[in-house]
Amino acid sequence: MENTKRSLYPLHIVLIFLFMFAFRFIPAPEPITSYGMAVIGIFIGLIYGWMISPSNMVWPALVAMAALATTEYGGGMQVMAAAFGNYTVVMNITIGFIMGPIAAAGIGDYLMAKIVNWKVIAGKPWLITAVILLGIYVLGLIGINQMLLVLLMFAILPGTLEAAGYQKTDSYPNMLLMGIVLACLFSCVAYPFFGWALMPLGTTYAATGVMVDYGKYMLIMIPMGILLILGYVLLMKLLRCDAKRITALKLDFIEARFPNGLGKFEKWLLGFTVILMAVSIVITFGGGKEGFRALLSQFSVYGWMLLWPAVMMFVKVDGKPLIDMKEAAKSFPWDLTFVMAGALLIAGQLTAETTGVSQFIAQLLGPIFAGMGEYLFLVTLGVLCFALTNVLNNIAVAVTMESVVAALYLQGILVDIQTATVIVCFFALMGYLTPAASAYGAMIHANSFTDAKMIYKTGLAVFIYMCLFMALLFIPFSMFLF
């Protein structure tokens, strides 16, 4: 079987290049443009490349960016500037130099061992799993930057999972890391007054004049996030993920390194990381339009992510800087950086106005939705948002689907626009299944303790679970409140 895969590998490579460089010559159906066909081909080739080469996902991303440089988008210089100038990629680069020293210092192993051996949950693998995922959700709710949380946990967990005896092809580590991303995404949509929710809520208000009730919005989103996480843990158990090995993590394996707990250097490094998170919360909630609050808004969390690593580079403890660039570079996630750069650039272009893809989706879905009953329409809306956001840019999906919703409401076909808007807010963000779905999806695939085939296998089960949860709980509860 392995020999067959190797013999077909050159054919796969040829097909990838054909998609990326020749698909554009297929006549484009209206309203998709010739540029749209080129981007679609590059996108298909990118996903194809990641599927056949899960151990080296950088080269498909580089070829995709090179292919984009041969389109109407612009030359290679414009592609590189856009790909590596993306704020998410820049944030990953700056935070990567913090997470590397944390992992090298063993702080992640120490903290995870402490959690696992907490008396209340010690020896209870599924309770440990639930505490980890719910803890991430709560940290996101209180304002800690979700991207920072994922980067931190993805730096901590591989060493812990390896120490527990897991391999990257095991279902438990793949689902745990996927669950961390989903917990962070759930927290992203918890509040209607800032962050992700502003885009679809604003689209609804601008198009229809309808303002979604903020109190009811949070009464739906926050409990649903908790229930989804608890159900996710149950799903892991039903899929027979081996959680027992996580309880094998005892403090014994780090006692030799930390006989008296964390040392002075490790404590300072951890303290500066806590400050990084704490100030991120202050900036997130403290921004405004006047005075010092306006300055905070302008500086933003991203400016803080540039400043604080620099401070850590010149602060020395025991004669060495908290961040030593030479040491940090050894554990820096270069593969993740290139995968994210390629994924975000291509996914963003796929639904750009000049491709015609969004218009095509709207024209295709409008007549279908118009002939449905209210409940069936809402279920179909949620499933489509969820499916599309796992292959397309989530902002484009949200705006496109919310535009369809607004049009149907204005035509008198849809009555419960508030529930429809809440569905778009929640399910158009849950991009986790492919590297092009979101920055988080790219991070899942690029992690050293995940396997692409296992991600798609378990990810499909997660997709089905969330669709059932939406149809049986999320939508009925939302319709009851609104």
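**Close-up views of a helical chain**

View 1. Take the contacts (heavy atoms within 4.5 Å) between residues at least 6 apart in sequence: 79% of them join residues at least 24 apart. What you're looking at is a predicted model, where local features need pLDDT of at least 70, side-chain atom pairs count only at pLDDT 80 or more, and totals for chains, interfaces and linings use all residues. Residues are numbered from 1 along each chain as its sequence is written, and side-chain values use heavy atoms, with hydrogens and water left out. The chain has 22 helices and two strands; helices (H or I, at least four residues) and strands (E, at least two) are DSSP runs, numbered from the N terminus. Of the 482 residues, 56% are buried, meaning under 20% relative accessible area with a 1.4 Å probe, protein chains only.

**View 2. Helix H9, from end to end.** H9 covers residues 171-188, and at 1.5 Å a residue its 18 residues should span 26 Å. The expected span is 1.5 Å times one less than the number of residues. The end C-alpha atoms are 26 Å apart, which agrees. As for cover, 18 of the 18 residues of H9 are buried.

**View 3. H9 against H22.** Two packed helices are described by the angle between their axes and the distance between the axes. Here the angle is about 45 degrees, and the axes of H9 and H22 are 10 Å apart. Axes are lines fitted to C-alpha atoms, for helices over the stretch in contact, and angles run from 0 to 180 degrees between N-to-C directions. H9 and H22 are therefore oblique to each other; angles under 35 degrees count as roughly parallel, over 145 as roughly antiparallel, 65 to 115 as roughly perpendicular and the rest as oblique. The crossing of H9 and H22 is right-handed, that is, the near helix is turned clockwise from the far one by less than a right angle. On the H9 side, look for Ser171, Asn174, Met175, Met178, Leu182 and Phe186; on the H22 side, Met454, Ile455, Thr458, Gly459, Val462 and Met466. That contact has eight nonpolar, four polar and no charged residues. For the classes, Ala, Val, Leu, Ile, Met, Phe, Trp, Tyr, Cys and Pro count as nonpolar, Asp, Glu, Lys and Arg as charged, and the others, Gly among them, as polar.

**View 4. Thr458 in H22.** Thr458 sits in helix H22. With 5% relative accessibility, Thr458 counts as buried. Leaving out residues up to four places away in sequence, Thr458 touches Ser171, Met175 and Met178.

**View 5. H11 beside H22.** H11 (residues 214-238) and H22 (residues 452-481) pack at about 150 degrees, with their axes 11 Å apart. That makes H11 roughly antiparallel to H22. The residues in the contact include Leu219, Met224 and Tyr232 of H11, and Val462, Met466 and Phe469 of H22. By class, the contact has 16 nonpolar, two polar and one charged residues.

**View 6. H4 across H16.** The axes of H4 (residues 76-85) and H16 (residues 334-350) come within 8 Å and cross at roughly 110 degrees. That makes H4 roughly perpendicular to H16. Val79, Ala82, Ala83 and Phe84 of H4 meet Phe338, Ala341 and Leu345 of H16. The tally for this contact is seven nonpolar, no polar and no charged residues.

How values were computed. Buried < 20%, exposed > 50% of the residue type's maximum accessible area, 1.4 Å probe, protein only.
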